[in-house]
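Colleague: I would like to go through the aromatic residues with you. Could you bring up the entry?

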Amino acid sequence: MALLNILREGEETLRKKSRPVEVINPRVLRLLDDMKDTLKKAEGVGLAAPQVGVLRRIFIVDTGEKVMEFINPVILQEDGVQVGTEGCLSCPGKYGIVSRPMRTKVKALDRNGNEFVFEGEELISRALCHEYDHLDGILYVDKASEMFSADAREFDD
């Protein structure tokens with residue numbers, strides 16, 4: 001497996017809408033494996049294909065029990081509200097206060113092309129929505145009510 005370069009805020013690719021995956025082939029499987037390695041090394045919660053320069057509707061989320069793969073995800077349902085601190089591997093050293101659903105239900109394909117439905121709560125719901133936004137060229141900074149640096153002393157409104 002290989003570690004992929006994570007694009008940083010300001011790179012044009014992060015603002016583009018991703019295209020659906022038409023065929024799950026060895027290239028897609030290699031991308032998923034490389035994304036897992038990259039996420040583990042970066043110690044993140046999730047990673048979307050656009051963050052590594054691939055404009056396809058793919059993201060992964062570490063649920064704490066396993067890393068789940070989502071190909072061509074669709075959000076089916078969102079319930080409740082949570083407001084909390086959010087960061088992004090593409091925006092290192094920056095954090096923001098973002099409102100997200102408390103529960104999110106997503107339908108997607110797995111690496112074998114099988115459709116599944118997954119429901120995440122709290123942090124996992126936040127991660128699902130965050131990564132899904134990446135597929136549409138949206139960064140959490142677009143939704144943040146306030147921003148601050150990693151040292152939490154510098155606030156931006």
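Predicted model: local features only at pLDDT ≥ 70, side-chain atom pairs only at ≥ 80, totals over all residues.

Colleague: What about Phe 148, buried or exposed?

Modeller: Phe 148 has a relative accessibility of 13%, so it counts as buried.

Colleague: How many aromatic pairs does the count come to?

Modeller: The count comes to four aromatic pairs. In one of them, Phe 70 and Phe 118 are edge-to-face, because their planes stand at 65° and an angle over 60 degrees is classed that way. The ring centres of Phe 70 and Phe 118 are 6.0 Å apart.

Colleague: Where in the chain do Phe 70 and Phe 118 lie?

Modeller: Phe 70 belongs to strand β3 (residues 67–79) and Phe 118 to strand β7 (residues 115–121). The pair thus links distant parts of the chain, 48 residues apart. Phe 70 and Phe 118 are both buried.

Colleague: And how are Tyr 95 and Phe 148 arranged as a pair?

Modeller: Tyr 95 and Phe 148 are stacked, with 25° between the planes and 6.2 Å from centre to centre. Tyr 95 is in strand β5 (residues 94–100) and Phe 148 in strand β8 (residues 146–149), so this pair ties together parts 53 residues apart in sequence.

Colleague: Which residues do ring pairs link into a cluster?

Modeller: The cluster consists of Phe 59, Phe 70, Phe 116 and Phe 118.

Colleague: Changing topic, which residue lies over the face of Tyr 132?

Modeller: That is Arg 57, which lies 5.5 Å from the ring centre of Tyr 132.

Terms used:
Residues numbered from 1 in each chain as written. Heavy atoms only, no water. Phe/Tyr/Trp six-rings, centres within 6.5 Å; stacked < 30°, edge-to-face > 60°. Helix = DSSP H or I, 4+ residues; strand = E, 2+ residues; numbered from the N terminus. Buried < 20%, exposed > 50% of the residue type's maximum accessible area, 1.4 Å probe, protein only. Lys NZ or Arg CZ within 6 Å of the ring centre and 35° of its normal.
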